[in-house]
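Good morning, and thank you for coming.

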Amino acid sequence: MRGLAEYVMRGRREATLVVGVALAVPLMFWLGAAVMALVILRRGLNDALPVALWGGLPAVVWAVLGDSTPLLVLVSVIALSHLLRQRRSWALVLLVSVPLGLLMALLLMSLMHDVLQQVAVHFIEVWPKVLQDMGHQVDEQLTARIQPLVMPLMAGLLAATHVLFALGSLMLGRSMQARLYNPGGFREEFHALRLPPLAAFGLAALVLLSLQAADLAMLFPLAVLPLLLSGVALVHGLIGLKQLNTGWLIGFYLFALFMLQIAFVLIMLFACIDSLFDFRGRLRGNAGSGDDPDSQN
């Protein structure tokens, strides 16, 4: 990626070429969005606008042909990259991604209403059979309660997937920038990512409330995403501070993969607790006091 970043930073023409080609190739839109993020983070939005306008044309073509994902991810990355450059806060970026995702969910609900409705109907039809195959008894009241939640949940999940691509592309762009101009900088930023207490517990409350009403259901996956990412950053930060080997990270991701439901809740729970107690800050403080010779007296 360093070689690609160096080529993009040569000038506007090179950046436009890479963004355009990546967006034109199926399933490579994330790379075009990451390069767009790199240009904005390094040169600012004004200098990056020509790159976005000309390089983004393939995304517009894809949208006309029926695939709006490249365009939605590109626009999201442009907005979030500008915000990160101006405010230098990953926590703020994660929080802004929630209303951004909500707008996206409403747009997708409008653009893909018939498709989402068909998926929702199919899900409701197979839901009892899935429960029976898993050895659970079919609860008619639960099924009736879930029915109105399915379609907005689908829209929210689809929007959250787009937001995750946008955040991933932004992180990749920031990582490329750090490789060129500030080695290790992105690692430090990600390891320090921590939500403010009010925001963390507000998101947790939104996660719980969103499944109680169909009008709020699409917010469920969007509110979950910042908590999960901040929880993952906590794990990376603690492992980095303790200077443990990569086996710990591999073990963490394997646990998350095979114990998905438990890991899902634990990661969000620890993200909320960390917002109050700042485990990484305490660990750094303890390490610092242990290294201070005066502390031994």
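This is a predicted model: local features need pLDDT of at least 70, side-chain atom pairs count only at pLDDT 80 or more; totals for chains, interfaces and linings use all residues.

Val8 is buried, because its relative accessible area is 0%, under the 20% cut-off. Val8 belongs to helix 1, which covers residues 2–8. Which residues does Val8 touch, if those up to four places away in sequence are not counted? The list consists of Glu14, Ala15, Val18, Val35, Leu38, Val39 and Arg43.

Let me turn to helix 6. This helix runs through residues 69–87, 19 residues in number. From first C-alpha to last it reaches 27 Å, close to the 27 Å expected at 1.5 Å a residue. Its buried residues include Leu72, Val73, Ser76, Val77, Leu80, Ser81, Leu83 and Leu84. As background, an α-helix has 3.6 residues a turn, so residues three or four places apart point the same way. Also buried in helix 6 are Thr69, Pro70, Leu74 and Ile78.

The residue that follows helix 6 brings me to backbone angles. Arg88 comes after this helix and has a positive phi, near 55°. In general, most residues other than glycine have a negative phi. Leu27 is another residue with a positive value, its phi being near 70°. Leu27 sits in the loop between helix 2, residues 12–24, and helix 3, residues 29–43. Is Leu27 buried or exposed? Leu27 counts as exposed because its relative accessibility is 70%, and the cut-off is over 50%.

Asp278 likewise is not a glycine, yet its phi is positive, at about 50°. Its place is the loop between helix 14 and helix 15, the latter covering residues 279–291. Asp278 is partly exposed, because its relative accessible area of 23% falls between the 20% and 50% cut-offs.

A nonpolar patch of about 960 Å² is formed by Ile250, Leu254, Phe255, Leu257, Phe258, Met259, Ile262, Leu266, Leu269 and Phe270. Two elements give two or more residues to this patch: helix 13, residues 246–258, and helix 14, residues 260–277. Which of the elements gives the most to the nonpolar patch? It is helix 13, with five residues. Ile250 has its place in helix 13.

Definitions and conventions: Residues are numbered from 1 along each chain as its sequence is written. Side-chain values use heavy atoms; hydrogens and water are left out. Patches are made of residues with over 30% relative accessible area and no salt bridge: like charges are joined within 9 Å, nonpolar side chains (Val, Leu, Ile, Met, Phe, Trp, Tyr) within 5 Å. Accessible areas come from the Shrake-Rupley method with a 1.4 Å probe; for residues, only the protein chains shown count as cover. A salt bridge is a side-chain nitrogen of Lys or Arg within 4 Å of a carboxyl oxygen of Asp or Glu. Helices (H or I, at least four residues) and strands (E, at least two) are DSSP runs, numbered from the N terminus. The expected span of a helix is 1.5 Å times one less than its number of residues. Buried means under 20% relative accessible area, exposed over 50%, partly exposed in between (1.4 Å probe, protein chains only). Contact means heavy atoms within 4.5 Å.
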